[in-house]
Amino acid sequence: MLGLDNITFDPGIMGGQACIRGMRIPVSLVVNLIANGKIVEEILEEYPDLEAEDIRQSLLYAAWLTQERVYPFKIA
C-alpha cells in the first residue's frame, strides 16, 4: 500500500491496528507524539526501536487516511 512497507497490520498485535514493523508501537502513538510537539530526535531517543523512516511513513499513512474526497451527487 503506497510503498508504506513499515506499516503493518496483524490481528495478534495491538488488536490489528496499524503498527510499526510488526512491533507493539502503533502508528497512532507516533502521530500523537508529533501532534503534541515531540520532535523526531526525541521520539527516536524515547523509542530506540524506531527509525526515522518509521516516523515518516506513519505521517504519510495518517495523511493518506485523512484525504478529503468529494463525491458529487444530485439532489432529487
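## A buried aspartate and its partner

Asp-54 is buried, because its relative accessibility is 0%. Buried means under 20% relative accessible area, exposed means over 50%, and partly exposed lies in between (1.4 Å probe, protein chains only). This is a predicted model, where local features need pLDDT of at least 70, side-chain atom pairs count only at pLDDT 80 or more, and totals for chains, interfaces and linings use all residues. Residues are numbered from 1 along each chain as its sequence is written, and side-chain values use heavy atoms, with hydrogens and water left out.

Asp-54 forms a salt bridge with Arg-21. The closest N and O atoms of the two are 2.7 Å apart. A salt bridge here is a side-chain nitrogen of Lys or Arg within 4 Å of a carboxyl oxygen of Asp or Glu. The pair links distant parts of the chain, with Asp-54 in helix α3 and Arg-21 in the loop between β2 and α1, 33 residues apart. Helices (H or I, at least four residues) and strands (E, at least two) are DSSP runs, numbered from the N terminus.

## More on Arg-21

The loop that holds Arg-21 runs between β2 (19-20) and α1 (27-35). Arg-21 counts as partly exposed because its relative accessibility is 33%.

Arg-21 has a positive phi of about 45°, although it is not a glycine. Most residues other than glycine have a negative phi. Arg-21 and Arg-69 are 48 residues apart along the chain, and their C-alpha atoms are separated by 29 Å.

## The other salt bridges

A search of the whole structure finds three salt bridges. Side chains of opposite charge can pair when their charged atoms come close. One of the bridges joins Glu-46 and Lys-38, with the closest N and O atoms 2.5 Å apart. Glu-46 is partly exposed, because its relative accessibility is 42%. Lys-38 is partly exposed too, at 28%.

Another bridge joins Glu-53 and Arg-56, with a closest N to O distance of 2.8 Å. These two residues are three apart in helix α3, so about one helical turn separates them. Glu-53 has a relative accessible area of 28% and is therefore partly exposed. Arg-56 is partly exposed as well, with 43%.

## The loop between β1 and β2

Met-14 is found in the loop between β1 (7-8) and β2. Its phi is near 55°, a positive value in a residue other than glycine. Met-14 is partly exposed, because its relative accessible area is 30%.

Gly-16 sits in the loop between β1 and β2. Gly-16 counts as partly exposed, with a relative accessibility of 25%. Gly-16 and Val-30 are 14 residues apart in sequence, and 16 Å apart in space, C-alpha to C-alpha. Ala-18 is also found in the loop between β1 and β2. Ala-18 is buried, because its relative accessible area is 11%. From Ala-18 to Asn-6 is twelve residues in sequence and 9.8 Å in space, C-alpha to C-alpha.

## The cavity

The count comes to one cavity of 30 Å³ or more. A cavity is a set of points on a 1 Å grid over the protein atoms alone, where a 1.4 Å probe fits but cannot get out; lining residues have an atom within 4 Å of a point. Grid points are joined across faces, edges and corners, and a volume is the space filled by probe spheres set on the points. The largest cavity holds about 30 Å³ of space.

Its lining consists of Thr-8, Phe-9, Asp-10, Ile-13, Gln-17, Cys-19, Gly-22 and Met-23. These residues divide into four nonpolar, three polar and one charged. Ala, Val, Leu, Ile, Met, Phe, Trp, Tyr, Cys and Pro count as nonpolar; Asp, Glu, Lys and Arg count as charged; the others, Gly among them, count as polar.

## A nonpolar surface patch

Leu-2, Trp-64 and Leu-65 form a nonpolar patch on the surface. Together they have about 300 Å² of accessible area. Leu-65 lies in helix α3 (residues 52-65). Patch residues have over 30% relative accessible area and no salt bridge, and nonpolar side chains (Val, Leu, Ile, Met, Phe, Trp, Tyr) are joined within 5 Å. Accessible areas come from the Shrake-Rupley method with a 1.4 Å probe; for residues, only the protein chains shown count as cover.

Key: Patch = residues over 30% accessible without salt bridge, like charges linked within 9 Å, V, L, I, M, F, W, Y side chains within 5 Å. 1 Å grid on protein atoms, 1.4 Å probe; cavity = no way out; pocket = protein on both sides within 12 Å on 5 of 7 lines; lining within 4 Å.
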